Number of protein chains: 4
Amino acid sequence: MTNPDTLLVFDEAVTRAGVEGWIQHLESAGAPTEIYRLGSTLVLPVSDVDLIHRAGPELPAPTYQVLRNSQIWLGRRDLRPAGTEVSFGPTTIGDGSVAVIAGPCAVESPEQTMATAAVVTEHGAVGLRGGVFKPRTSPHSFQGLRWDGLDLLAEARERTGLPVVTEVVDPEHVKRLAGVVDGLQIGARNMQNFALLTAVGQSGLPVVLKRGFGCTVEETLAAAEYLLLEGNDQVVLCERGIRTFEPSARFTLDLTAVALWKQRTHLPVMVDPSHSGGRPELVGPLSLAAVAAGADALIIDVHLQPEQALCDGAQAIRPQQFADLMARLAPLAAGLGRRMSRVA
Amino acid sequence: MTNPDTLLVFDEAVTRAGVEGWIQHLESAGAPTEIYRLGSTLVLPVSDVDLIHRAGPELPAPTYQVLRNSQIWLGRRDLRPAGTEVSFGPTTIGDGSVAVIAGPCAVESPEQTMATAAVVTEHGAVGLRGGVFKPRTSPHSFQGLRWDGLDLLAEARERTGLPVVTEVVDPEHVKRLAGVVDGLQIGARNMQNFALLTAVGQSGLPVVLKRGFGCTVEETLAAAEYLLLEGNDQVVLCERGIRTFEPSARFTLDLTAVALWKQRTHLPVMVDPSHSGGRPELVGPLSLAAVAAGADALIIDVHLQPEQALCDGAQAIRPQQFADLMARLAPLAAGLGRRMSRVA
Amino acid sequence: MTNPDTLLVFDEAVTRAGVEGWIQHLESAGAPTEIYRLGSTLVLPVSDVDLIHRAGPELPAPTYQVLRNSQIWLGRRDLRPAGTEVSFGPTTIGDGSVAVIAGPCAVESPEQTMATAAVVTEHGAVGLRGGVFKPRTSPHSFQGLRWDGLDLLAEARERTGLPVVTEVVDPEHVKRLAGVVDGLQIGARNMQNFALLTAVGQSGLPVVLKRGFGCTVEETLAAAEYLLLEGNDQVVLCERGIRTFEPSARFTLDLTAVALWKQRTHLPVMVDPSHSGGRPELVGPLSLAAVAAGADALIIDVHLQPEQALCDGAQAIRPQQFADLMARLAPLAAGLGRRMSRVA
Amino acid sequence: MTNPDTLLVFDEAVTRAGVEGWIQHLESAGAPTEIYRLGSTLVLPVSDVDLIHRAGPELPAPTYQVLRNSQIWLGRRDLRPAGTEVSFGPTTIGDGSVAVIAGPCAVESPEQTMATAAVVTEHGAVGLRGGVFKPRTSPHSFQGLRWDGLDLLAEARERTGLPVVTEVVDPEHVKRLAGVVDGLQIGARNMQNFALLTAVGQSGLPVVLKRGFGCTVEETLAAAEYLLLEGNDQVVLCERGIRTFEPSARFTLDLTAVALWKQRTHLPVMVDPSHSGGRPELVGPLSLAAVAAGADALIIDVHLQPEQALCDGAQAIRPQQFADLMARLAPLAAGLGRRMSRVA
């Protein structure tokens, strides 16, 4: 991108007719036009800055005007300085509160699912997590209950009133999952599966986009750009640990990334302390640190009997540990001038 | 896997009827049986070792008998100690020779494609590479010529007689690509895209499986297992550099991985010095080192005018540099007691 | 260490005569004895457990008895479950409070040193940092004011009443520095400079031991063991970022390490958000996150005019930013049930 | 360095008087002058380029003239394009041949030292390695035979005629070691121990400088600059593996670094396949790959009974494996147009 385009940003206060006026102005001058949508905001890239100066007085002034100086521009913070709020059913992430999503790593059985959902609801979770399609390193490992698990998630939502988020691993599954769940998760191993990103972007459903464990802060923003480009601005970035030389934990949680994202993008940021540390005794301190670093939300594995989990049990915390953590998060949030999210 | 199963391995010398006899023996004892195919070899896992001892004399002895002691077993070297040969059209990888596949990173135009194909053929390449679907970090980058590019690859093959390998990024594309090309490549970003692995495995086409830049030696073997499990043993592992703290090159080429794979798996190993180093002046020394470390094949970006490449031009070597490299590889191969591969 | 020894731990409540009794008991049985000191605690390793059972009733019971099952045992948390308090002059680290040490990366001039010392004191710092011997990657960079700088540090301490910590780079400097400063710092590049560790351990001075940017959590504990072995228990571990593939910040701050150290060792833990992030805008969020993860102390670069700093200016925060950070730390500490440290 | 100086490079062909003329010319113009020595080459940095143009015809033309555009300039390849030859007693490294230095990781006993020295000499090693001061991660591990071991190294040299290289860990040891050995080694953990670098540089002895496992290609060159600045150009850089996320080997050997060093510096390059891989079965392929990547020398751990080694036995190869490796290296070297080094 040798000559950075200027981005004209129009928020809701500008009429659609006004924006159409701009498009006609550009097209009549022979300039190629393409318009992008970021929620109710419209973004119009203009490469010839003279055309902006030559716009007639009848054209509405854009709300913002910024330079497109990198591969990442729909996600740039200055395109929406107040930040994006993402709504998973009744739960909002990105409004300044601290939102905790919890549940089992994998949906295993009706009993486990309903009991876990009940207990995390009781202690203040505002969303349910639960994997039904599990992307496993080896084909010989448990791959999830698949569509059977989806019914259990639907039932858990009905019982608790909490919105449900689950991982999607195949573009062909998007539509069917979207008919049931409140949000989709793209796993770390699929962060650069661009066919999947495009399909999920088109679904319009809220998305938790997990950072690949070998991918950079900027590459995660670029992956989000695939979702935003489809007109879907309901995207939460999720830090879940990166690969480093340190062997004492499963991954190294990168809270510098959280701080950088909060400064660079308008998208809210989530942290997964469970998959990062890979040990229950790390979930507490990593959760507190993540919120202090600026994370809008946490996603936490809870299991009634971690030692019997079919998937990643080693890292799940028990209901009592979850209750203790929630009791420590509330005063921390207050100390930061924030509050815990509650289901509307 | 608490009790490691025993794997009964039957090669071609054992009749299919003999193997059926074993299956009947196990089933009549109430043991669950599932049979796996590795080329013409059949693999029968048995969990109760007593059933093996109680087999009657009419049952043929298995060719090998090994323990299934990890998540990786279809790819284990001791299942096929002589190693696997993978055939891309007339070219064989894994027969002890040094095979060089070359071509442009991306197919850009008819002229560029035909000229590059001609020049790499002239200097001894035994396969053509060329991307038509390019997985790019940003959606705003050149994404490849897509299906138009496929026609160009087909034409290049016709003109040169060399087999063609191209990257596949979407499970839905597998069938159409398989109708044209000689081999598919799964890129580093998709190494753990299990939906794609399964679709490619089912195609039966030879596959180059690139190691994810944040994935381990063992995880690459586990990803190959997804392909093998579909009955497709035509798999080449490809090392193309991993992410480390070192900023002087695009990635750090991990030749320890090549040595480990040659010891642990029967699958042949390829190295991509172009994407690893990200600089033309590194292609030569990394190619020589890769072959000395035991690599069966190299895959090299060649571009007539690297400074005008639409994708990753910074790393491509020019035709003359390619010719020089091939001239250095031949005596190196001889020094290792090997020879350069030639198209049959 | 095939047969783990038993460690008999005697705290102050046990008389020295009693411990001598144990030594005589062991020696009379022909067992080799060596006694280690951890502050006022004495540790006696015993390899033959029978000798413990055969001890007469006149021998005092040890306060604790633990197994020596790794290379790290003097630093193990269970040797002193209440944790170690480290005193830099009037300032205590490890008593549950949040201590902030601040000052310039390098002592550059009298004016800069006195003005910075005054301003960080005013805003609540409880210790002064300032480098006079700077270990620089290149010999052609500014290497510090050396002994001239030491006089400035001494004067700054006199004016502010704050204890002073400075880095030591050469075993030969230890004695002269120890005559002036309140604490020594061993830099990341010297964490495994065992000659330096031994000399600093013998000085008896409090030490900030920075983790090497390529070293693990356990290796840092092993390096501390060199200090402890000299009878010096006044050791603070300092996390300052590790090398990873992520290029957006200078280093990746590893707060998982902080959580692990708080669980594994009795030594207090410090975090350096300045050298880790390498950018002033990261100092705030990383400081908050570090304290929430459990850090006992922070060490922060402050410069009056970062753009004119002779060393690492890019990362220093200005006095006003430091004041803002201190104002945010106090309520955070309260939210964690802690308080800010104050000079006694 | 805002305005890059020009470096005037004078080789032996220029008289010392001529160079003095240049110095007087610069000083008479009030320019600060400092002269650096690189073997018999003299280097004179000049910041005001006009002074070069105003030099009278009586002043000799410099052999080269290059810009000082980075922190690394005494080591830059263009200061000595033909490369530096480093002489360890009768053995030369950097003359195009392949030199193999071998021996035990640590000197343990007279029998082990003499027997190992004899066997590696027999199979073509041109230098002996053997550690007497061992920098160990934990103070509770075997630290080497210290000065007793030095006598054994001296005896081994006498018996075999091979030059001896040993690691130095303390600046105070340099002189005493220098009186006995032919070369000093600075270990990976001390690569940025600048007090040690300076002391070793001043000794004038040939040095093997090992890359820190968390340090970059450029930082290694900067560390070498500390040695060169003392007028000691007898420096060999040694790649011995870096820390990465890959757990299958002890370290990840970075042969890209070898290729980069061969292009960027005139100093010869060595590779340590033993400490890098940490497994005997990796020594062979990594050695071959290192030489193919351009390494001038290898340094290899050999032990008569690896399972009884006091230090790092897991990685040592046995005498027969060493003989086999040497037999494979010779034809490889020939294939690269090189030859094996022989003791003069």
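**Entry 1: a pair inside chain A**

I started with R211(A) and D254(A), whose side chains meet in a salt bridge at 3.0 Å, N to O. I noted the rule: a side-chain nitrogen of Lys or Arg has to be within 4 Å of a carboxyl oxygen of Asp or Glu. R211(A) sits in the loop between β11 (207–210) and α7 (217–228) of chain A, and D254(A) in the loop between β12 (235–239) and α8 (255–264), so the pair ties together parts that are 43 residues apart in sequence. Helices here are DSSP runs of H or I with at least four residues, strands are runs of E with at least two, and both are numbered from the N terminus.

Are R211(A) and D254(A) buried or exposed? Both are buried. My cut-offs are under 20% relative accessible area for buried, over 50% for exposed, and partly exposed in between (1.4 Å probe, protein chains only).

Before going on, I wrote down that this is a predicted model, where local features need pLDDT of at least 70 and side-chain atom pairs count only at pLDDT 80 or more, while totals for chains, interfaces and linings use all residues. Residues are numbered from 1 along each chain as its sequence is written, chains are lettered from A and ligands numbered from 1 in the order in which they are written, and side-chain values use heavy atoms, with hydrogens and water left out.

**Entry 2: more salt bridges**

How many salt bridges does the rule give over all chains? The count comes to 68. Side chains of opposite charge can pair when their charged atoms come close.

I looked up two of them in chains B and C. In chain B, E281(B) meets R279(B) at 3.3 Å, N to O. E281(B) is partly exposed at 36% relative accessibility, and R279(B) is partly exposed at 28%. In chain C, R279(C) pairs with E281(C), and their closest N and O atoms are 3.3 Å apart. R279(C) has a relative accessible area of 27%, which makes it partly exposed, and E281(C) is partly exposed at 37%.

Then I came back to R211(A). Salt bridges with shared partners join R211(A), E239(A), D254(A) and E246(C) into one network.

**Entry 3: where chain C touches chain A**

I found 37 residues of chain C in contact (heavy atoms within 4.5 Å) with 37 residues of chain A. The buried area between chain C and chain A is about 2700 Å², and carbon and sulfur atoms give 67% of it. Buried area is the accessible area (1.4 Å probe) that two parts lose on being put together, summed over both.

Which three residues supply more of the area that chain C buries against chain A than any other three? They are F245(C), E246(C) and T256(C), with 19%.

The rule finds 2 salt bridges across this interface. E246(C) forms a salt bridge with R211(A), with the closest N and O atoms 2.8 Å apart. On the chain C side, α7 (217–228), α8 (255–264), α10 (280–293) and α11 (319–335) each supply at least two residues that touch chain A. The largest share, 8 residues, comes from α10(C). By class, I get 21 nonpolar, 8 polar and 8 charged residues on that side. For the classes, Ala, Val, Leu, Ile, Met, Phe, Trp, Tyr, Cys and Pro count as nonpolar, Asp, Glu, Lys and Arg as charged, and the others, Gly among them, as polar.

**Entry 4: a helix in chain D**

Next I checked α1 (residues 16–28) of chain D. It has 13 residues and reaches 18 Å from its first C-alpha to its last, close to the 18 Å expected at 1.5 Å a residue. The expected span is 1.5 Å times one less than the number of residues. Its buried residues include W22(D), I23(D) and L26(D). The buried residues of α1(D) pack against β1 (5–10), β3 (41–46) and α2 (49–53) of chain D. After the helix comes G30(D), with a positive phi near 80 degrees.

**Entry 5: positive phi without glycine**

Most residues other than glycine have a negative phi. R146(B) is not a glycine, yet its phi is positive, about 55 degrees. I found R146(B) in the loop between β8 (127–129) and α4 (147–160) of chain B, partly exposed at 42% relative accessibility.

**Entry 6: L177(A)**

Last, I looked at L177(A) in helix α5 (residues 174–178) of chain A. L177(A) is buried, at 0% relative accessibility. Leaving out residues up to four places away in sequence, L177(A) touches several residues, including F133(A), W147(A) and L184(A).

Terms used:
Contact = heavy atoms within 4.5 Å.
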